[in-house]
Amino acid sequence: MPEPLRLTGISASAGYAEGPLFNLEPVAARYASKATAAEEKAALEAAIGVAAGRLAGLMEIADGEAAGILEFQVAMLEDDALTGPAFVAITAGQPADAAWRQALDAEIAGYETSDQDYFRARAADMRDIRDQVLRALTEDGGAAAPAGAIFYGEDIAPTRFLETDWSCGGGIALKAGSAASHVAMLARSRGVPMVVGLGASPAHLTGIALLDAEHGGIVLSPSKAEIDAFRQSSSSFTARRDRARTYLDKPAVTKAGTAVRVQVNIADPSDVDGIDISTCDGVGLMRTEFLFGKTLPDEETQYRAYRKVLEWAGEKPVTIRTVDAGGDKPVPGFTVEEGNPFLGLRGIRLSLARSEVFRAQIRALLRAAVHGNLKVMFPMIAVVDEYQRAAALFAEEQAGLSARGVACKMPPLGIMVEVPSVAIAPEAFSGVAFFSIGSNDLTQYVMAAARDNAAVAHLNSVRHPAVLRLIASVAAFGQAKRIPVSLCGDAGGDPASIPALIEAGLRDLSVVPAQLAMAKAAIADVAV
Ligand code: PEP
Ligand code: MG
């Protein structure tokens with residue numbers, strides 16, 4: 001009996017899976033070279049066509065988020081800037097497979113070496129595109145995984161995820177990977193357990209594995225005692241999740257009867273399609289970086305997106321955050337290259353520096369405000385002058401729209417409390433309409449531990465007394481000054497952090513939709 005092998009990583013999607021390990025191998029089949037460059041070109045064109053066709057087929061059965069990822073891949077395959085260098089290399093005498101691999105590897109290297117997590121996470125999408133075409137060229141369908149398998153490898157392609165039938169269980173264990181990748185987003189929304197950052201393994205792994213994606217680890221060749229303990233944790237997790245579902249339709253209250261508002265965090269307007277508005281108290285955070293993802297959206301595109309969410313929410317509040325580009329959320333053509341992007345020109349700093357972009361967003365928000373209960377907040381506020389300048393731009397744009405006879409309305413303007421200067425000295429902000437604590441950034445800045453760096457994940461804890469003390473003092477300040485305070489960082493949806501947040505005085509949390517039921521169930525267990 002081999003010794004148990006335990007690897008530790010980071011949970012990217014909570015849950016448990018027990019099953020055979022399936023190694024995700026790179027494409028290995030051999031390509032048969034053609035006689036002429038023209039034939040090589042034709043072979044590559046045909047393979048790109050086959051790959052695009054497969055993606056289009058998957059798109060027909062994909063929903064919002066998955067369809068978006070596939071659309072991006074099809075667009076890349078149709079982009080001459082990506083495929084052109086491969087055709088040039090073929091003209092220079094390379095066979096189609098080598099030309100394609102070389103062209104894509106050069107592109108992938110750019111993503112992989114980026115110092116920004118967002119771009120590194122997109123490298124998986126590019127590798128997927130490369131391998132789709134290589135498979136079509138070599139007619140390698142890829143080995144089939146057994147039902148309920150745990151996929152193990154460097155990274156997993158989004159298409160592999162979408163083609164897999166997860167109804168029989170299974171999970172994902174990655175040596176590298178990222179909790180910010182598209183696959184991680186899909187895994188969270190479909191409840192597929194996933195762990196990333198396991199690092200290189202000391203041996204070639206095979207056999208039955210136990211994947212604990214609640215705490216972030218995997219065990220191979222487990223002992224009998226380990227299997228028993230794992231199954232117990234797994235059923236307790238399932239029981240908690242099932243029990244949580246019963247809380248979804250009810251308002252959230254603690255054991256002592258304290259009411260807690262629970263709102264949702266969204267990014268794309270299509271996120272609301274899968275949410276029943278009666279199960280939440282509104283939208284506590286709509287991130288608008290997604291709209292700014294590939295190109296800068298015009299005023300009309302933004303107006304339509306905001307209006308859709310406001311109409312869906314009816315009378316319930318929708319808090320839209322002005323664009324927080326930069327840091328872990330770069331926007332090509334908008335953000336600037338910087339040595340330390342988390343401490344640089346991000347959020348409100350960039351919006352104020354590029355006021356023509358900011359003004360278009362402001363006009364879209366002022367116009368959308370007439371369609372519901374809109375609140376607007378500014379990200380990364382560090383000093384009151386930033387808030388005042390942003391509020392002045394709102395007033396100017398409102399005057400401009402009104403003068404032109406365009407229907408618009410001034411929404412309440414609030415701020416994110418996520419820079420320690422504001423949490424420590426909030427007095428200057430007594431005039432703002434509301435505070436929303438961004439615990440993701442507040443924690444990383446207080447603990448000096450980047451939110452996207454696995455090596456310092458143990459330091460990045462919202463439950464450290466320094467962070468909790470700041471949160472409690474902001475909640476107390478809000479209560480004294482009658483400024484509503486909510487929290488919209490990931491901690492709000494984390495059952496392990498919820499008791500401490502409520503004890504710190506918070507009564508308003510905003511969570512990812514997938515955590516809504518779990519958050520309400522955790523609130524019901526809090527004593528205060
Ligand atoms: C936060 O910092 O907690 C937050 C909600 O904002 P983001 O994660 O988008 O930076
Ligand atoms: Mg933030």
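Helix H8 (residues 224–245) lies across strands S1, S3 (16–23), S7 and S8, and runs at about 120° to S3. Helices (H or I, at least four residues) and strands (E, at least two) are DSSP runs, numbered from the N terminus. This is a predicted model, in which local features need pLDDT of at least 70 and side-chain atom pairs count only at pLDDT 80 or more, while totals for chains, interfaces and linings use all residues. Residues are numbered from 1 along each chain as its sequence is written, chains are lettered from A and ligands numbered from 1 in the order in which they are written, and side-chain values use heavy atoms, with hydrogens and water left out.

**The sheet**
- Eight strands form an open sheet with mixed pairing, in the order S1-S8-S7-S3-S4-S5-S6-S2; two strands pair if DSSP finds at least two bridges between them.
- Strand S1 (5–8) and strand S2 (10–13) stand at the edges with a single partner strand each, so one side of each has no neighbour in the sheet.
- From one strand to the next, the twist averages 30°.
- Strands S7 (residues 208–212) and S8 (residues 217–220) run antiparallel and are joined by four bridges.
- Leu 210 has Val 219 in S8 as its bridge partner.

**Helices**
- Helix H7 (residues 182–190) lies across S2, strand S5 (171–174) and strand S6 (194–196), at about 65° to S2.
- Axes are lines fitted to C-alpha atoms, for helices over the stretch in contact, and angles run from 0 to 180 degrees between N-to-C directions.
- The axes of H8 and helix H17 (residues 516–524) come within 8 Å and cross at roughly 90°.
- That makes H8 roughly perpendicular to H17 (a term for angles of 65 to 115 degrees).
- Residues of H8 that meet Ala 517, Met 518 and Ala 521 in H17 include Phe 237 and Arg 241; contact means heavy atoms within 4.5 Å.

**The magnesium site**
- Glu 418 (OE) and Asp 441 (OD) coordinate the magnesium ion (ligand 2) at 2.0 to 2.1 Å.
- Glu 418 is in the loop between strand S14 (413–417) and helix H13 (420–424), and Asp 441 is in helix H14 (residues 439–447), 23 residues apart.
- Both Glu 418 and Asp 441 are buried (under 20% relative accessible area, 1.4 Å probe, protein chains only).

**Nonpolar cores**
- The largest nonpolar core has 84 residues, of which Phe 378, Ile 415, Phe 435 and Ile 471 touch the most other members.
- A nonpolar core is a set of buried Ala, Val, Leu, Ile, Met, Phe, Trp, Tyr and Cys residues joined through side-chain atoms within 4.5 Å.
- A second, separate core of 54 residues includes Ile 90 and Ala 149.

Conventions
Buried < 20%, exposed > 50% of the residue type's maximum accessible area, 1.4 Å probe, protein only. Donors = N, O, S within 2.8 Å, 3.2 Å for Na, K, Ca; no water. Parallel < 35°, antiparallel > 145°, perpendicular 65-115°, else oblique.
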